[in-house]
Amino acid sequence: MRARTRAPLAVLLYFGFTLGPALGFVNVFPFRFSFVADHFQYLAGAGVIALTTALIDGLVRRVRTPSVSVSRGSAVLVLGLTLGVLTWNQQQIVRSPPHPL
């Protein structure tokens with residue numbers, strides 16, 4: 001019988017708790033100067049990344065082939081490239097304009 005884990009619940013609670021200030025239900029200090037608190041979402045993203053990597057690792061562990069280490073490396077590479085592309089796209093949006101010389 002397979003043991004159940006409470007990791008998804010922990011990730012969900014972490015995500016909700018860390019994203020709470022950005023939702024605006026509670027008046028936090030940065031809202032005195034700005035109504036935008038996008039930077040709080042980055043902290044909440046760590047839980048999603050942890051859950052995604054745990055799921056990928058769990059799927060790779062189910063594979064019973066000699067190339068499991070290659071599969072893990074490939075999964076890490078694909079996840080890293082995906083996150084890199086998403087980061088590159090996001091930085092294009094929030095990049096500051098060039099300064100005049």
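Two residues are in contact when heavy atoms of theirs lie within 4.5 Å. Keep that in mind as we walk through this predicted model.

Let's start with the whole chain. Of its 101 residues, 12% are buried. The chain exposes about 8,700 Å², and carbon and sulfur atoms supply 70% of that area. Now take the contacts between residues at least 6 apart in sequence: 45% of them join residues at least 24 apart.

Next, zoom in on helix α1, residues 7–23. After α1 comes Gly-24, with a positive phi near 85 degrees.

Which residues of α1 are buried? They include Val-11, Thr-18 and Leu-19. The buried residues of α1 pack against α2, which covers residues 40–62.

What about Leu-12: buried or exposed? Leu-12 also belongs to α1, but its relative accessible area is 55%, and since anything over 50% counts as exposed, Leu-12 is exposed. Together with Leu-9 and Leu-13, Leu-12 makes a nonpolar surface patch of about 320 Å². Here's a handy rule to go with that: an α-helix has 3.6 residues a turn, so residues three or four places apart point the same way.

Notes:
Residues numbered from 1 in each chain as written. Predicted model: local features only at pLDDT ≥ 70, side-chain atom pairs only at ≥ 80, totals over all residues. Heavy atoms only, no water. Buried < 20%, exposed > 50% of the residue type's maximum accessible area, 1.4 Å probe, protein only. Helix = DSSP H or I, 4+ residues; strand = E, 2+ residues; numbered from the N terminus. Patch = residues over 30% accessible without salt bridge, like charges linked within 9 Å, V, L, I, M, F, W, Y side chains within 5 Å. Areas by Shrake-Rupley, 256 points an atom, 1.4 Å probe, with all protein chains shown as cover. Salt bridge = Lys/Arg side-chain N within 4 Å of Asp/Glu carboxyl O.
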